[in-house]
Amino acid sequence: MKRFLSILYTLATVLIIVGALFILQAESYGVAILASGVGLNIVYRIFNLNTERISQLKFSELLKGLGILLMLVACILIFTDFDQKYNMMIFAVVLDVIINYKEISLKTK
């Protein structure tokens, strides 16, 4: 399961980056790629959420839950006519990186 989750997270990250690049080039399918990457990231975060720590009201896990909800809202808003939809998506992705900074590792094994 851990291997599947690492592949899922890598795929989500690649889709987010590629989708953002396509949006910068004004390609119409960039939004769909970006939203699918964020959707996969939401699935990954849900699988890694520690429900026991949430029930104990641990601040770090509550922040992770809030980040998931914010990504979900940003994913929904990206398909609407909301003026700040791209800013909301950027904010959700950056907040996710900040909240889960311990998972990002540049060390090699």
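Two residues are said to be in contact when they have heavy atoms within 4.5 Å. With that idea in hand, the architecture of this protein can be followed from the whole chain down to single side chains. The structure is a predicted model, in which local features need pLDDT of at least 70 and side-chain atom pairs count only at pLDDT 80 or more, while totals for chains, interfaces and linings use all residues. Residues are numbered from 1 along each chain as its sequence is written, and side-chain values use heavy atoms, with hydrogens and water left out.

The protein has five helices and zero strands, giving the pattern α-α-α-α-α along the sequence. The radius of gyration is 14 Å, close to the 13 Å that the globule rule gives for 109 residues, so the protein is as compact as a globular protein of that length. Here the radius of gyration is taken over C-alpha atoms, and the globule rule is 2.2 Å times the number of residues to the power 0.38. Helices are DSSP runs (H or I, at least four residues), strands are runs of E with at least two, and both are numbered from the N terminus. Along the principal axes, the C-alpha trace spans about 45 × 35 × 20 Å. Among contacts with a separation of 6 or more, 52% join residues 24 or more positions apart.

Of the 109 residues, 29% count as buried; buried means under 20% relative accessible area, exposed over 50%, and partly exposed in between (1.4 Å probe, protein chains only). The largest nonpolar core has 15 residues, and Val38, Ile42, Met71, Ala74, Ile78, Met89 and Ala92 have the most contacts inside it. Helices H2, H4 and H5 each supply at least two residues of this core. A nonpolar core is a set of buried Ala, Val, Leu, Ile, Met, Phe, Trp, Tyr and Cys residues joined through side-chain atoms within 4.5 Å. Beyond its neighbours up to four places away in sequence, Ile42 touches Ile68, Met71 and Leu72.

Two salt bridges are present, each defined as a side-chain nitrogen of Lys or Arg within 4 Å of a carboxyl oxygen of Asp or Glu. One of them joins the side chains of Asp96 and Arg45 (3.0 Å, N to O). Asp96 lies in helix H5 and Arg45 in helix H2, so this pair ties together parts that are 51 residues apart in sequence. Both Asp96 and Arg45 are buried. Not counting residues up to four places away in sequence, Asp96 touches Asn41, Arg45 and Met71.

Glu61 forms a salt bridge with Lys64, with the closest N and O atoms 3.7 Å apart. These two residues both lie in helix H4, three residues apart, about one turn of the helix. Glu61 is buried at 5% relative accessible area, whereas Lys64, at 24%, is partly exposed. Leaving aside neighbours within four places in sequence, Glu61 is in contact with Leu49, Asn50, Arg53 and Ile54.

On the surface, Met1, Phe4, Val43 and Phe47 form a nonpolar patch with about 420 Å² of accessible area together. Patches are made of residues with over 30% relative accessible area and no salt bridge, with like charges joined within 9 Å and nonpolar side chains (Val, Leu, Ile, Met, Phe, Trp, Tyr) within 5 Å. Accessible areas come from the Shrake-Rupley method with a 1.4 Å probe, and for residues only the protein chains shown count as cover. Phe47 is found in helix H2 (residues 30-48) and is partly exposed, with a relative accessible area of 46%.
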